[in-house]
Amino acid sequence: MDVCLLVDVFKKHFPAAIDSFQDAVKCLAEFACNAAFPDTSMEAIRLIRHCATYVSERPQALKEYTSDDMNVAPGDRVWVRGWFPILFELSCIINRCKLDVRTRGLTVMFEIIKSYGQTFEKHWWQDLFRIIFRIFDNMKLPEQQTEKSEWMTTTCNHALYAICDVFTQFYEVLNHVLLDDIFAQLHWCVQQDNEQLARSGTNCLENVVILTGHKFSPLVWDKTCGCMLAIFKTTIPHALLAWRPTGMEEESSEKGSDLEADRQSVCSTERNPSEKGQSQVSNTSDETWKNRPHARISDQKLFAALLIKCVVQLELIQTIDNIVFFPATSKKEDAETMAAVQRDSIDAEVHIDTEDQGMYRYMTSQQLFKLLDCLLESHSFAKAFNSNNEQRTTLWRAGFKGKSKPNLLKQETSSLACCLRILFRMYTDENRQDSWNNIQKRLLNVCSEALAYFITLTSESHREAWTNLLLLFLTKTLKTSDEKFKIHASAYYPYLCEIVQFDLIPELRAVLRKFFLRIGFVFQICHPEEQRQEDAT
């Protein structure tokens, strides 16, 4: 076979064949791009991988090679004559071939980068990533809608994880060269009309920060928080509150601009409804809705894009929680707290083994405040949407999110829970005493607003969704010092008196009882002896 002959020549006569090396690699790439012979394509990619081995084993031959048409510094000849042709041709295979071949080309390209990247100079990396980022070039993506969706879900998704793996592996070199480009690419991914790619963008951001955050400088942390803030702001689905069906459009100019911005963010891609993002039209007996032509296909595209934004908001909230506290730590803490309440040992300190592995200790108070602002903005939007029953009904009748009224309960509760965890962690951190006054003001405002909102809820299921949130708030407050507890209890007392009239689960009632007993102690309403007798009964 011709392809095997090429490799055999390089294996035995590499120094003499250097002049033809680029042409030979290009020849292998053309074999790989021949769709009529898939087996030959795979073999050609395998042999390109062998070419990388020869370059790695014989760099001196490339450095010493000279020709009349080559005006390249000796230190860069390995790159220009060796690595660049290999990686460039693999990128061509990725951009030209069908799924199975381009996936193999992508895998081999990143195998080469990970295996030999430690020998690359800093400016070589810049050339390399100009090639790699072409995979995401929107102008070069397939025009056909189904092909474009497949490209994003497979090739772009695969490439994104691989890029982040390379970035974390060679962080010391790449953070000065590529950090801004990496964050820009992650931001681009979450803005696409593709749920899988949007999820991957947030997951990759989380992986990069968790694996390399301990090496971040204050400037890099500022950029990281800025990236998360930008993603939060661009993925809040404002049009959920602004949308009206045709014939009922009475939005203000501000709402109209939000809706138009969201419409423009929708790609022309036709998406299959995902598990979390179904946007098929519901059947309804209302003739006004049934007679709308085609249920407004453009609206359904908008709904699909808005659902993706809702998913990204949830993913980002979880990403912040995982970054600050380490994955699964908060879930374990909730389980331990519930168990402690059931054992009536709430005063015992709950310590999770992984809680010190998070990035909390590497972040400044100002950086954490920036994340808190993101979480609170997300919480406020979800709360506004969940409180707007008329708009939820309108969207439901139009077919938004299937057979039941849409809600953002998960976003409403998880954003606030993450916010409370961060604030209480900072509030008890001796290393952040200089920020305690600011933290205390934020805590008082956040908790007071949350309690005031909770007592206005009329839906039992909505109140049930807040159960873990109230347990978190009450147990964290109970573990503060007497001096701090006194300040908080004074602010929350009227709301807690209202809450006791609701039908609460036994665990929540037990914590509330502890809370009121402690109020009696710190405000000297009852003596410690009386309280001990009360506890005993």
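Helices, here, are DSSP runs of H or I with at least four residues, numbered from the N terminus, and in this predicted model Phe326 falls in the loop between α15 and α16 (329–343).

**Helices α3 and α5**
- The axes of α3 (residues 38–57) and α5 (residues 77–96) approach within 10 Å and cross at roughly 160 degrees; because angles over 145 degrees count as roughly antiparallel, α3 and α5 are described as roughly antiparallel to each other.
- The crossing of α3 and α5 is left-handed, and the residues of their contact comprise 10 nonpolar, 2 polar and no charged.
- On the α3 side the contact involves Ile45, Ile48, Cys51, Ala52, Val55 and Ser56, which meet Val78, Gly82, Trp83, Ile86, Leu90 and Ile93 of α5.

**Ile317 in helix α15**
- Ile317 lies in α15 (residues 297–325) and is buried, with a relative accessible area of 3%.
- Leaving aside residues up to four places away in sequence, Ile317 touches Phe232, Leu375, Ser378, Gln411, Ser414, Ser415 and Cys418.
- Ile317 and Cys374 are separated by 57 residues in sequence, while their C-alpha atoms are 8.8 Å apart in space.

**Loop residues with positive phi**
- Most residues other than glycine have a negative phi.
- Phe326 has a phi near 85 degrees, a positive value in a residue other than glycine, and is partly exposed, with a relative accessible area of 23%.
- Gln524, in the loop between α24 (506–522) and α25 (528–536), likewise has a positive phi, near 55 degrees, and counts as exposed at 71% relative accessibility.

Notes: Residues are numbered from 1 along each chain as its sequence is written. This is a predicted model: local features need pLDDT of at least 70, side-chain atom pairs count only at pLDDT 80 or more; totals for chains, interfaces and linings use all residues. Side-chain values use heavy atoms; hydrogens and water are left out. Axes are lines fitted to C-alpha atoms, for helices over the stretch in contact, and angles run from 0 to 180 degrees between N-to-C directions. Helices (H or I, at least four residues) and strands (E, at least two) are DSSP runs, numbered from the N terminus. Angles under 35 degrees count as roughly parallel, over 145 as roughly antiparallel, 65 to 115 as roughly perpendicular and the rest as oblique. A crossing is left-handed if the near helix is turned anticlockwise from the far one by less than a right angle, and right-handed if clockwise. Contact means heavy atoms within 4.5 Å. Ala, Val, Leu, Ile, Met, Phe, Trp, Tyr, Cys and Pro count as nonpolar, Asp, Glu, Lys and Arg as charged, and the others, Gly among them, as polar. Buried means under 20% relative accessible area, exposed over 50%, partly exposed in between (1.4 Å probe, protein chains only).
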